[in-house]
Amino acid sequence: MAKKKTKTKQSFNVQVPESHFWPAVEHGGIIPRGLEGAIGPNGILLRKLPSGKLANTSLPERYEKANLQYKEILSASDEPSPDRQRITSIPPKYFDRPDDPDRHTECLITGAAKNRLFSCPLFLKEPVPRPKPNTISIKESPTGGIGVFAERDIKYGELLIAERPLLMTGAFTKYKIRGGDWVHDYTYEDHVKIMWFEQEQQLELAFNRMDDDRKEAYMALANSHKEDGSGPLLGVQRTNGFGIDLNELTKNGGRGPSSEELIGEFGGMNLSEEQQANLKPQETLDIYSLVAKDASRMNHSCSPNAVLEFSLASFSLQFHANRDIKAGEEIFYSYTDIYVPAAERPKELEPYDFTCACTACSLATPESDKFRQTSARHMKILETLYQALKARDIEADNGMQMVRNNILPNLLEFRRKLREEGLGIMSGPYLSSTIMLHDLYTNLGMVDEPEMKSVLSDLSVWTMMKAGLLGRFLSQGNEIESAAAIAQDAATKI
Ligand SMILES: [Zn+2]
């Protein structure tokens, strides 16, 4: 039941909502009338892409087909321009060697991005980890379409799915405006049709390299863009792609951003439209979309119980449980910014063609909306106050009295409300609050508080997930508690 299918997109720490799948436009300084006001200073198309049903999906008159030219190259050193698109397989395929047991991702990637991946010391150094047997199943969901379900009781932090994607392609493709004066007569929709037509042609080149069973798996995925002018391959990609930011992933030799960077401005947060628009062209071209056989089956919830990481070491998408999950429960991931009010979330979810019926949506109140919307700012204010009062307490040498009396009760209450709202997940404000509470308890000498135990467990699980270690650790039969003990060191260094 493809219609209500799922999809998602998120990266290491940046989530790219579907509506932001906007091409960068090359216009040589002259912007055709149909695109005026639609292109930001960085060349990114700012207007939302059509979805739903388009009256006329045929290409505009006088459109000149792009002359796509490809040549086969044998090694990176043969490639004259790092900006050019390459069609390649990760891991590489060789004529004289068997395929990788974890399979291959067909990629449309710039030479520069490919070189950066291959220069990471960790890249492709490990096999894709395996979840424990009987962890999930994929079947019809009561909400319509197919979903992912827990086959047994699953513990917080456990690996749910790890798989090498079927396809990887730029989330922002370049659209080069060609043609004579008549391109000024094209409407915005005409330009989009051309972009999509050309993108479909490129996707075909990568798709044709897939093994037959991978092709079949790709085409079996939901497509909620059958009538808006997207080609069949692009429709599946738009419905099912997870966004990853290669720029972030390849930092520090492939270890990803440091803990400091992760808890910084964008740490675990979604990018706002404004932040997105301010991205530099080079950065936008580093955002890639991944489509996967099983992971792309996961449905959306505004109170998700799974988190996504991307591992460069095994080149795989990995989902972990971000709380205990009972046998039979559906496993959800969030496709969109879950910190906006319930009334605004349907707009973000429009391209996926379903109505979210999660408890956060069905039970939303003006209070819960306001809480979601202000939670990031609330957390920032708590952090600022904490730093200010801590400094004054230290100066007054008063045993951290002001922090103890003012910050601690507020922070505990804030965390309680986040959990109540289904936002007790290790990203965004809850992650920041966990890191802050760890620091606060440590400074107050309150390391034996019951909440400290859960803080340490949260941080340990999160640290190990970030390091891509947890799946391997748990598949060897270790429990979360021992993961917590082992990773405590790492957590205290955050
Ligand atoms: Zn919802």
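The model is predicted.

**Sheets and their edges**

Let us begin with an open sheet of three strands, ordered E6-E13-E12 and paired in the antiparallel sense. Strand E6 (159-163) and strand E12 (306-311) are the edge strands; each has a single partner strand, so one side of each has no neighbour in the sheet. On average, neighbouring strands here are turned by 15° against each other, with direction ignored. E12 is joined to strand E13 (residues 316-321) by six bridges in the antiparallel sense. Within that pairing, Val307 has His320 of E13 opposite it.

Another open sheet has four strands in the order E4-E5-E14-E11, and its pairing is mixed. Which strands stand at the edges? They are strand E4 (136-140) and strand E11 (299-300), and since each has a single partner strand, one side of each is left without a neighbour in the sheet. E11 pairs with strand E14 (residues 330-333) in the parallel sense, over two bridges. His300 has Tyr333 in E14 as its bridge partner.

**A strand that is well covered**

Strand E3 (105-110) is worth a look of its own. Is E3 enclosed or open to the outside? Six of its six residues are buried, so E3 is largely enclosed by the rest of the structure. Thr105, Cys107 and Ile109 point one way from the strand, while Glu106, Leu108 and Thr110 point the other way, and all are buried.

| Strand pair | Sense | Bridges | Residues opposite each other |
|---|---|---|---|
| E2 and E3 | antiparallel | six bridges | Arg86 and Ile109 |
| E3 and E7 | parallel | three bridges | Cys107 and Met168 |

**The nonpolar cores**

In soluble globular proteins, nonpolar side chains tend to be buried together. In this model, the largest nonpolar core holds 85 residues, and those with the most contacts inside it are Leu160, Leu290, Val291, Ala306, Phe319 and Ile331. Take Phe319 as an example: leaving aside residues up to four places away in sequence, it touches Leu160, Ile161, Ala295, Ala306, Val307, Leu308 and Tyr333. There is also a second, separate core of eleven residues, with Ala342, Tyr352, Cys356 and Cys358 among them.

**A buried glutamine**

Gln237 sits in helix H4 (residues 232-240). Why does Gln237 count as buried? Because it has 30 C-beta neighbours inside 10 Å, and a residue needs 20 or more to be called buried. Apart from residues up to four places away in sequence, Gln237 touches Leu167, Thr169, Leu203, Ser289 and Val291. Gln237 and Leu167 are 70 residues apart in sequence, yet their C-alpha atoms are 8.6 Å apart in space.

**Helix H12**

Helix H12 covers residues 401-420. At 1.5 Å a residue, its 20 residues should span 28 Å, which agrees with the 28 Å between its end C-alpha atoms. Where does H12 bend? The bend is at Ile407, by about 35°, and a proline, Pro409, follows within four residues.

An α-helix has 3.6 residues a turn, so residues three or four places apart point the same way. Keep that in mind while finding the buried residues of H12, which are Val403, Ile407, Leu411, Phe414, Arg415 and Leu418. Helix H11 and helix H13 (428-444) are included in what covers them. After H12 comes Gly422, with a positive phi near 80°.

The peptide bond from Ile90 to Pro91 is cis, and its omega is near -10°. Pro91 belongs to the loop between strand E2 (85-90) and strand E3.

Leu124 is a residue other than glycine with a positive phi, near 60°. Leu124 lies in the loop between helix H1 (111-118) and E4. With 18 C-beta neighbours inside 10 Å, Leu124 counts as partly exposed.

Asp397, again a residue other than glycine, has a positive phi near 50°. You will find Asp397 in the loop between helix H11 (366-396) and H12. Is Asp397 buried or exposed? Asp397 is exposed, as 8 other C-beta atoms lie within 10 Å.

Notes
Residues are numbered from 1 along each chain as its sequence is written. Two strands pair if DSSP finds at least two bridges between them. A residue is buried if 20 or more other C-beta atoms lie within 10 Å of its own, exposed if 12 or fewer, and partly exposed in between; C-beta atoms are placed from the backbone. A nonpolar core is a set of buried Ala, Val, Leu, Ile, Met, Phe, Trp, Tyr and Cys residues joined through C-beta atoms within 7 Å. Two residues are in contact if their C-beta atoms, placed from the backbone, lie within 7 Å. Axes are lines fitted to C-alpha atoms, for helices over the stretch in contact, and angles run from 0 to 180 degrees between N-to-C directions. The expected span of a helix is 1.5 Å times one less than its number of residues. The bend at a residue is the angle between axes fitted to the seven residues ending there and the seven starting there.
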